[in-house]
Amino acid sequence: MKLNTIKLYAIAALIALTAYNCNNDDDSNTEPIGPDFSGTYIQEDQMGRPAVNTVFVSSSSKDDFNTTIPSNQGAAFQSMFQTNLEALSPAYANPGDTNALGLDSATFTGLLATDVLNVSLDGTTTFYDGTNVLTGRALADDVITVELLLIFGGEDFSENPTLSNDNVDANDKEFLTSFPYLASPW
Amino acid sequence: MKKSKIFLGIAIVAVAGFIAIAADHIDAPAVQGGTNDITDFYAFQGEDTNNLVFVANTQGLLSPSATGSASFDENTLIEFNIDTTGDNVEDLVIQATARDGKMYFFGPAAPSSTGLSSSILTASQQGVVDITSYGSSATISTNGGMRFFAGPRDDPFFMDFAQYSAIVGGTATAFNNPGDDTFAGTNVMSVVVEVPKSMIGGTGTINTWVETKRKQ
């Protein structure tokens, strides 16, 4: 930049600044004050897959689970999950027992203890639709029955049939096909 | 598997102490019944299949008469965490927080730090939407390919939780058929955000979870 140009800009800037500063008419200052987004926010609750903290975490550890980052949850909670799963369900009582995903109690709880939802960016997103497994969670997915089947249903979903389906298969209101997808409130 | 009857009896007693309300409603003492209590989390492909939709529901089991006075807490930050690299550490976050009747959205963007402590990514503000009031039709805003909603909605969760509790509590041995949806007729406070997949990794699988964080 040439020196003259710089001078010109400097003068222009000075004039602009002076003009602004000379404006003592504070009442006409209508510049809005934005919301305050400052500060530090500390975690209280977290959730990946449905019902995990509720079902698998012992009561004295529930707050702990909510404030353990997912990458640390497996090491901290897998064995508790396995103990609670085996106490809850007879489908894992014998050595070699698995659920319909072929997971034994150690492997299944290893998956669940890291409480994140796996979501595909390449197509169908569902908790389980008979074909796709853990590719997301859609509103209409009957996630509780899926979890009950994986907890109680044994290798082929046939064990403990009175415990592996709550027989509530759908929401009480129709979902919308368009954003925001959730039904209007009651 | 065949010693199941006896085993189940023991199991029911053993497990009775640690069941609260599913899916994540009222899951833990520190958040139970408060404005930071997450009830549910959904992530699914949008009507436009180039997009993914994230839903965070909070403050569960609102009766219709309680819904009109329910509100988002301005000291709460709702944070959708997105791991695009498979290590269960967030690479991107989408943040939502309420101010004076509006919900402000930030990201998807890399967080200033991962983990339990967050600051709001003010340089990445993506959108704002008027919080829909109870009884009004849904107010939606769009910006940069994203869509935003915040307000009361029907709780999309369904389960015969009462019977599940009875089974676990030892006063019942089976679900009923048909079951009874414990969450029928109740509302939640919802935040819904739709985002182009290209902004959150584009292809492959992400790991995602939602958090509520409170201003200190």
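**The A–B interface, term by term**

The area buried between chain A and chain B is about 7,800 Å², with carbon and sulfur atoms giving 61% of that area. This is a predicted model: local features need pLDDT of at least 70, side-chain atom pairs count only at pLDDT 80 or more, and totals for chains, interfaces and linings use all residues. Residues are numbered from 1 along each chain as its sequence is written, and side-chain values use heavy atoms, with hydrogens and water left out.

Me: What makes the area between chain A and chain B "buried" area?
Reply: Buried area is the accessible area (1.4 Å probe) that two parts lose on being put together, summed over both. Here that comes to about 7,800 Å². A:Tyr41, A:Leu121 and A:Phe179 supply 12% of what chain A buries against chain B, more than any other three residues.

Me: How do you know how many residues of chain A and chain B are in contact?
Reply: Contact means heavy atoms within 4.5 Å. By that rule 86 residues of chain A touch 110 residues of chain B.

Me: Why is the pairing of B:Lys215 and A:Asp36 called a salt bridge?
Reply: The term needs a side-chain nitrogen of Lys or Arg within 4 Å of a carboxyl oxygen of Asp or Glu. The N to O distance of B:Lys215 and A:Asp36 is 3.7 Å. This lies within 4 Å, so the pair qualifies. The count between the two chains is three salt bridges.

Me: Which element gives the most to the side of chain A that touches chain B?
Reply: Strand S1 (41-47) of chain A, with seven residues. Strands here are DSSP runs (E, at least two residues), and helices are runs of H or I, at least four residues, numbered from the N terminus. That side of chain A divides into 39 nonpolar, 29 polar and 18 charged residues. Asp, Glu, Lys and Arg count as charged, Ala, Val, Leu, Ile, Met, Phe, Trp, Tyr, Cys and Pro as nonpolar, and the others, Gly among them, as polar.

Me: Why are S2(A) and S11(B) said to pair?
Reply: Two strands pair if DSSP finds at least two bridges between them. S2(A) and S11(B) have four, so they pair, in the antiparallel sense. A:Val119 stands opposite B:Ile206 in S11(B).

Me: What share of chain A counts as buried?
Reply: 48% of its 186 residues. Buried means under 20% relative accessible area, exposed over 50%, partly exposed in between (1.4 Å probe, protein chains only).

How values were computed: Chains lettered and ligands numbered in written order.
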